[in-house]
Amino acid sequence: MSLVRLNIKGISYSQTQNGAYALILNEVDGDRKLPIVIGAFEAQSIAIALEKEIKPPRPLTHDLFKNFADRFDIVVKQVIIHKLVDGVFYSSLICERDKIEEIIDARTSDAIALALRFQAPIFTYKNILDKAGIYLKVDPKDEDNEDEDDVLVNEIINEELELETSSSKDELQSKSIEELHKLLDEAVNNEDYEKAAKIRDEISKR
């Protein structure tokens, strides 16, 4: 499968979904965009990496990872968004140390935050772009289309979140109390506190 290189077009905030952001990736040799819904913390981290002038007083988590990697001569060579399942993008960090290459699984938002800090290129496979890529603008010279971009991005975020919420509710409702408690423990261990809160709410309903 052929790889397609992507650039970061920007981050858009949803006007209707509080705390939801869309990271917009651009096809380098084409017009398609790949929108990915990300959390507020990851959006902040990516925005800080994009704005070179902004220096946090203390290192953020992704800065710490970069400092740690630098100290031990680990380089992130590239990021590949390699899978799309039920609206969730899966990514890999291609790392190198002492000329030995390693592949590390990562959330796409984390992978891109690190790619920016390592100045590493971002790729996806053509079939993923064919499936999830969209055209935001008809005429790139028409500046009035910027508002249309925002509307479309908001629609994308809302659709993704609605799908995520409805599938999550259906999944939780089909679980037993014992299964819910197990899922709650897993969510807390994975520091997925948003999911943990949803599971806790479902347990409380029972």
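**Figure 1. Confidence across the predicted model.** The pLDDT is the predictor's confidence in each residue, given on a scale from 0 to 100. For this protein the pLDDT averages 83, and 78% of the residues score at least 70. Because this is a predicted model, local features are described only where pLDDT is at least 70 and side-chain atom pairs only at pLDDT 80 or more, whereas totals for chains, interfaces and linings use all residues. Residues are numbered from 1 along each chain as its sequence is written, and side-chain values use heavy atoms, with hydrogens and water left out. Where pLDDT is low, the predicted coordinates should not be read in detail.

**Figure 2. The overall arrangement of helices and strands.** The secondary structure comes to seven helices and seven strands, taken as DSSP runs (H or I of at least four residues for helices, E of at least two for strands) and numbered from the N terminus. Read along the sequence, these elements follow the pattern β-β-β-α-α-β-β-β-α-β-α-α-α-α. Of the 206 residues, 39% count as buried, where buried means under 20% relative accessible area, exposed means over 50%, and partly exposed lies in between (1.4 Å probe, protein chains only). Among contacts between residues at least 6 apart in sequence, 51% join residues at least 24 apart. The accessible surface comes to about 13100 Å², of which 49% belongs to carbon and sulfur atoms; accessible areas come from the Shrake-Rupley method with a 1.4 Å probe, and for residues only the protein chains shown count as cover.

Figure 3. A nonpolar core is a set of buried Ala, Val, Leu, Ile, Met, Phe, Trp, Tyr and Cys residues joined through side-chain atoms within 4.5 Å. The largest such core holds 31 residues, of which L25, L34, I81, F89 and L93 touch the most other members. At least two residues of this core are supplied by each of β1, β2, β3, α1, β4 (75-85), β5, α3 and α4, and α3 gives the most, with seven residues. A second, separate core of eight residues includes L172, L180, L183 and A187. In helix α1 the buried residues are E42, A43, S45, I46, I48 and A49, and these pack against β1 (3-13), β2, β3, α2, β6 and α3.

**Figure 4. The salt bridge between R117 and D63.** The structure holds ten salt bridges, each defined as a side-chain nitrogen of Lys or Arg within 4 Å of a carboxyl oxygen of Asp or Glu. In one of them R117 pairs with D63, and the closest N and O atoms are 2.6 Å apart. This pair links distant parts of the chain, since R117 belongs to helix α3 (residues 108-118) and D63 to helix α2, 54 residues apart. Both R117 and D63 are buried, D63 having a relative accessibility of 19%. Helix α2 spans residues 61-71, and, when residues up to four places away in sequence are not counted, D63 touches P56 and R117.

Figure 5. The closest N and O atoms of R32 and D130 are 2.7 Å apart in their salt bridge. R32 sits in the loop between β2 (21-27) and β3 (33-38), while D130 is in helix α4 (residues 126-132), 98 residues apart. R32 is buried, with a relative accessible area of 15%, whereas D130, at 42%, counts as partly exposed. Salt bridges that share partners join E27, R32, K126 and D130 into one network. R107 and E42 also meet through their side chains in a salt bridge, at 2.5 Å from N to O. Because R107 lies in strand β6 (residues 100-107) and E42 in helix α1 (residues 40-50), this pair ties together parts that are 65 residues apart in sequence. R107 is partly exposed at 49% relative accessible area, and E42, at 9%, is buried.

**Figure 6. A nonpolar patch on the surface.** V85, V88 and Y90 form this patch, with about 210 Å² of accessible area together. Patches are made of residues with over 30% relative accessible area and no salt bridge, like charges being joined within 9 Å and nonpolar side chains (Val, Leu, Ile, Met, Phe, Trp, Tyr) within 5 Å. Y90 is found in strand β5 (residues 88-97) and is partly exposed, with a relative accessible area of 32%.

Technical notes
Contact means heavy atoms within 4.5 Å.
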